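Let's take a walk through this one together, starting with how to read it and ending with a few residues worth a look of their own. Have the sequence and the 3D view ready.

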Amino acid sequence: MTLPNGNGHDAQTDSDPSSGMPARRLSMSDNLGRIALRRPSFGRAASLRDGPRSRTISIDETVAAMSNLAAYDEDADVQLPKGASPREAKLPLMKENYRLLLAHLGEDPNRHGLINTPERAAKAMMFFTKGYDETIQDILNDAIFDENHDQMVIVKDIEMFSMCEHHLVPFIGKVSVGYLPNSCVLGLSKIARIVEIYSRRLQVQERLTKQIAMAITEAVAPAGVAVIIEATHMCMVMRGVQKLNAKTITSTMLGVFREDPRTREEFLTLVNGR
């Protein structure tokens with residue numbers, strides 16, 4: 001997965017870190033223009049068998065997360081992302097399709113409890129997939145900074161909600177991200193925003209893990225990126241094999257995290273330490 005190039009790759013001169021002057025903010029286009037010169041060579045995702053597993057999520061935590069995901073006042077509208085979206089024009093058609101679905105299930109879409117359900121369901125689905133309306137450039141343009149820091153940066157246990165593209169039911173879990181900066185750093189909250197953008201789409205966990213890693217790679221061209229996701233899939237809990245305690249763990253290790261066992265082990269130790 002590659003990110004769209006930003007417009008206007010104007011050449012700019014970086015400030016000298018030894019001068020003592022404040023670090024200059026870089027735009028997304030600045031860094032995308034430098035990727036070809038600085039991007040390390042990355043391989044396929046590494047296995048987690050070299051390190052300990054992260055803490056499993058209890059069924060109580062899963063149920064609580066599901067409740068938070070779905071809970072809202074019966075008569076309240078689900079808020080959609082701000083700004084115009086071409087997808088919002090499709091809400092009337094989605095609403096009608098949900099009415100047909102209720103009818104095909106044997107329900108009466110006109111009974112009191114279901115009159116507004118098609119509209120609520122359409123808006124909720126639009127919210128669950130709001131990542132389609134957001135781009136990496138929008139959130140990163142003002143949050144990439146020159147910084148002479150070459151030690152590991154980790155943001156762990158980022159809550160994640162996504163929708164399985166095979167059954168249209170949620171999978172829920174936590175994401176841990178680490179990277180080794182290469183002359184510039186990313187605003188910490190933006191790592192969580194990257195997770196949000198890609199998780200709020202129809203997904204499979206394997207692809208989601210790689211997309212998060214590649215987005216950080218394209219943004220700041222670090223020496224390496226590591227991403228681990230541990231999630232509970234409702235398609236395995238509510239249907240099919242119905243295994244309540246099954247967890248799925250996926251990882252993507254790029255650059256030094258894949259090539260250097262000691263760097264990978266340090267990341268796994270820090271992520272799994274409680």
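Before we start, one term: two residues are in contact when heavy atoms of theirs lie within 4.5 Å. Keep in mind, too, that this is a predicted model.

How far can you trust it? The protein chain has an average pLDDT of 79, and 69% of its residues score at least 70. Residues 1-29, though, have a pLDDT below 50, even if the model gives this stretch 54 contacts beyond near neighbours in sequence. Residues 62-78 also stay under 50, and here the model has 22 contacts beyond four places in sequence. Where pLDDT is low, the predicted coordinates should not be read in detail.

Now the overall picture. The protein chain holds 10 helices and eight strands. It has 274 residues, of which 45% count as buried. If you take the contacts between residues at least 6 apart in sequence, 75% of them join residues at least 24 apart.

Next, find the sheet. It is an open one made of five strands, running S6-S3-S4-S7-S8 with mixed pairing. At the edges sit strand S6 (202-203) and strand S8 (248-255), each pairing on one side only. Strand S3 (residues 153-164) pairs with S6 in the parallel sense, over two bridges. Met 163 has Leu 202 in S6 as its bridge partner.

In soluble globular proteins, nonpolar side chains tend to be buried together. Here the largest nonpolar core has 38 residues, and the ones with the most contacts inside it are Val 175, Tyr 179, Ile 194, Ile 212 and Ile 216. Among the elements giving two or more residues to this core are S3, strand S4 (170-180), helix H6 (188-199), helix H7 (205-220) and strand S7 (224-233). H7 provides the largest share, eight residues.

What about aromatic pairs? The count comes to two. In one of them, the ring centres of Phe 127 and Phe 128 are 6.4 Å apart and the planes meet at 70°, so this pair is edge-to-face. Phe 128 is buried, at 19% relative accessible area, while Phe 127 counts as partly exposed at 25%. The rings of Phe 257 and Phe 267 are also edge-to-face, because their planes are at 75°, with centres 5.7 Å apart. This pair links distant parts of the chain: Phe 257 is in helix H9 (residues 256-259) and Phe 267 in helix H10 (residues 261-272), 10 residues apart. Both Phe 257 and Phe 267 are buried.

One last stop: Arg 239, in the loop between H8 and S8. Is Arg 239 buried or partly exposed? With a relative accessible area of 37%, Arg 239 is partly exposed. Setting aside neighbours within four places in sequence, Arg 239 is in contact with His 167 and Met 234. Arg 239 and His 167 are 72 residues apart along the chain, yet their C-alpha atoms are separated by 9.8 Å.

Technical notes:
Residues numbered from 1 in each chain as written. Predicted model: local features only at pLDDT ≥ 70, side-chain atom pairs only at ≥ 80, totals over all residues. Heavy atoms only, no water. Phe/Tyr/Trp six-rings, centres within 6.5 Å; stacked < 30°, edge-to-face > 60°. Buried < 20%, exposed > 50% of the residue type's maximum accessible area, 1.4 Å probe, protein only. Helix = DSSP H or I, 4+ residues; strand = E, 2+ residues; numbered from the N terminus. pLDDT = per-residue confidence, 0-100. Pairing = 2+ DSSP bridges. Core = buried A, V, L, I, M, F, W, Y, C linked by side-chain atoms within 4.5 Å.
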